[in-house]
Amino acid sequence: MRTIIEPFRIKSVEPIRKTTRDERQKLLEAAGYNLFLIGSQDILIDLLTDSGTGAMSTEQWAAMMRGDESYAGSPSFERFRASVQSIFGFKHVIPTHQGRAAERILFTVMCKKGDVVPNNTHFDTTRANCEFSGAEALDLPIPEALEPPNPHPFKGNMDSARLAQTIERVGAKRIPLVMLTVTNNSWGGQPVSMANIREVKSICSRNRIPLYIDACRFAENCYFIKLRESGYSDKTPREIAREMFSYADGCTMSAKKDGLANIGGFLCTNDDAIAQQEKDLLILTEGFPTYGGLAGRDLEAIAVGLNEALEEDYLNYRIISTAYLGNHLAREGVPIVQPPGGHAIYIDAKAMLPHIPVLEFPGVALADELYLEAGIRSVEIGTLMFGKRDSDGTEHAAPMELVRLCIPRRVYTQSHVDYVVEAILEVWRRRESVRGLRLVYQAPFLRHFTARLEPVPSLARVIP
Ligand SMILES: Cc1ncc(COP(=O)(O)O)c(C=O)c1O
């Protein structure tokens, strides 16, 4: 059969509500043109994120009933640790309430002012936590990663030549760790190849620098390796995962992605001394090391979810259904980051709206327009999220202006996706009417979550 079906049936449904265009216009104004500030009851299709928004399976719900809520020594933790270790293989497994808590603990223990942490690309919370420790978060993607139409199969790769030059320039002593984010969420949900992981590892080993993996979407990355890298087509995603993590000294994980859970995360390391410091810090803010800010039932859901995320039927549906959205848009000329990512499709807002200067946030303008058109929530990944404003008020643009359409796991069906395609094509047809925005409020870090904006008056650019 050629038809790809969702490899599940639906047992419990959650109604979604249509609003009128007039209502959405008012809601958008009240939210300062920031879709993070709109209530989810006023969203029809929510593609804001794939983080914690997935649907759990019957096995996960059943496992939750086994959750042991003891403060210390819960068997739920034992099951969680066994599941993590069987896939990731690290000696120490430290549960955290989500990925950023793992990042904060990792960077607090390993980094200090003046250090440099290279990554293929730090995601927003990773960058913020790294910089909060005083270290510099340095992105070293391959050049192809910043060329949206380029169909390179592993655009998540790190530029290993630049990594070697960076070590040479700043000295290994100032680089407490190197990170690889699988897949690269910032620039297209693109995978990292096993060859690149091996190469980065060998540079790290030569310089005695530990390699950590930001593992949020490890299963999707493994499936891309199976599909695209020679020598892996006969291996299972689990075998590929075991090899991938064998090159790393530790990892951070948000189980809200490929853990198929609604909350949770963990931090892993093979280093006893580092693990001890991390557990001490964990107790300060997250909780005792056998629950780390999570309920016993959450640990159970993650223990099952990690294994389900590696099932081939699921991964095949996941990768093909994301590509279905991307291919239907690209076929009509909508510029997207190619090839389609694992968890999301990224529209190139700079190419779609060339009449909006980057400092007027074309990505935010496009995301707002999709909401106005059809009640769809997406997110800008561009200058609002990654740009910077100097103390003298000068704005610096991000390398790309993207709108990410993130697909929650096991939540929407093909007809939902067809609706999204129709709405985007409608906006595509009248794209010249979309206007830019300007900032009226921003927080000192992670400004995109709470920023408030307003439309730039249409004549402002014509009359100097
Ligand atoms: C690549 C990457 N790293 C880290 C995180 C942080 O995870 P969490 O949201 O669980 O704190 C995210 C979340 O979106 C992510 O995509």
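In this predicted model, helix α14 (362–374) and strand β11 (379–381) each supply at least two residues of the lining of the largest cavity. The contribution of α14 is the greatest, at three residues. The structure holds one cavity of 30 Å³ or more, and the space in the largest cavity is about 120 Å³. Its lining has 14 residues, and the closest to the centre are Asn34, Leu35, Phe36, Val379 and Glu380. Sorted by class, this lining has nine nonpolar, three polar and two charged residues.

**Overall fold**

The protein chain has 16 helices and 16 strands. Its radius of gyration is 22 Å, close to the 23 Å that the globule rule gives for 464 residues, so the chain is as compact as a globular protein of that length. The C-alpha trace spans about 65 × 55 × 45 Å along its principal axes. Of the 464 residues, 58% count as buried. Among contacts between residues at least 6 apart in sequence, 73% join residues at least 24 apart.

**Pockets**

| Site | Volume | Lining residues | Nearest the centre |
|---|---|---|---|
| Largest pocket | about 1,400 Å³ | 35 residues | Ser12, Glu14, Ala55, Arg410, Val411 |
| Second largest pocket | about 750 Å³ | 31 residues | Arg127, Glu131, Met385, Phe386, Lys388 |
| Largest cavity | about 120 Å³ | 14 residues | Asn34, Leu35, Phe36, Val379, Glu380 |

In the largest pocket, β1 (45–46), α2 (58–64) and α12 (312–331) each supply at least two lining residues. The lining of the largest pocket is made up of 16 nonpolar, 10 polar and nine charged residues.

The lining of the second largest pocket has 15 nonpolar, seven polar and nine charged residues. Volume in the second largest pocket is about 750 Å³. Two or more residues of its lining come from each of α4 (99–110), α5 (124–132), β4 (136–139), α15 (383–386) and β12 (388–389). Which element gives the most to the lining of the second largest pocket? Helix α5 does, with seven residues.

**A mostly covered helix**

Helix α8 (residues 218–228) has nine of its 11 residues buried. The buried positions are Phe218, Ala219, Glu220, Asn221, Cys222, Tyr223, Phe224, Ile225 and Lys226. An α-helix has 3.6 residues a turn, so residues three or four places apart point the same way.

**Cysteines**

How many disulfides does the structure hold? The number is zero. The sulfur of cysteine 111 has its closest cysteine sulfur in cysteine 130, 5.2 Å away, which is too far for a bond because a disulfide requires the two sulfur atoms to be within 2.5 Å. Cysteine 111 counts as buried at 10% relative accessibility. Cysteine 406 is also in no disulfide, and the nearest cysteine sulfur, that of cysteine 216, is 11 Å away. The relative accessibility of cysteine 406 is 0%, so this residue counts as buried.

**Backbone exceptions**

Most residues other than glycine have a negative phi, and most peptide bonds are trans.

Threonine 183 lies in the loop between β5 (178–181) and α7. The loop between α12 and β9 (344–348) holds proline 339.

Is arginine 208 buried or exposed? Its relative accessibility is 77%, so arginine 208 counts as exposed.

With a relative accessible area of 15%, arginine 410 is buried, since buried means under 20%. Arg410 is also one of the residues that lie nearest the centre of the largest pocket.

Definitions and conventions
Residues are numbered from 1 along each chain as its sequence is written. This is a predicted model: local features need pLDDT of at least 70, side-chain atom pairs count only at pLDDT 80 or more; totals for chains, interfaces and linings use all residues. Side-chain values use heavy atoms; hydrogens and water are left out. On a 1 Å grid over the protein atoms alone, a cavity is a set of points where a 1.4 Å probe fits but cannot get out, and a pocket is an open set with protein on both sides within 12 Å along at least five of seven lines; lining residues have an atom within 4 Å of a point. Grid points are joined across faces, edges and corners, and a volume is the space filled by probe spheres set on the points. Helices (H or I, at least four residues) and strands (E, at least two) are DSSP runs, numbered from the N terminus. Ala, Val, Leu, Ile, Met, Phe, Trp, Tyr, Cys and Pro count as nonpolar, Asp, Glu, Lys and Arg as charged, and the others, Gly among them, as polar. Buried means under 20% relative accessible area, exposed over 50%, partly exposed in between (1.4 Å probe, protein chains only). The radius of gyration is taken over C-alpha atoms; the globule rule is 2.2 Å times the number of residues to the power 0.38. Contact means heavy atoms within 4.5 Å.
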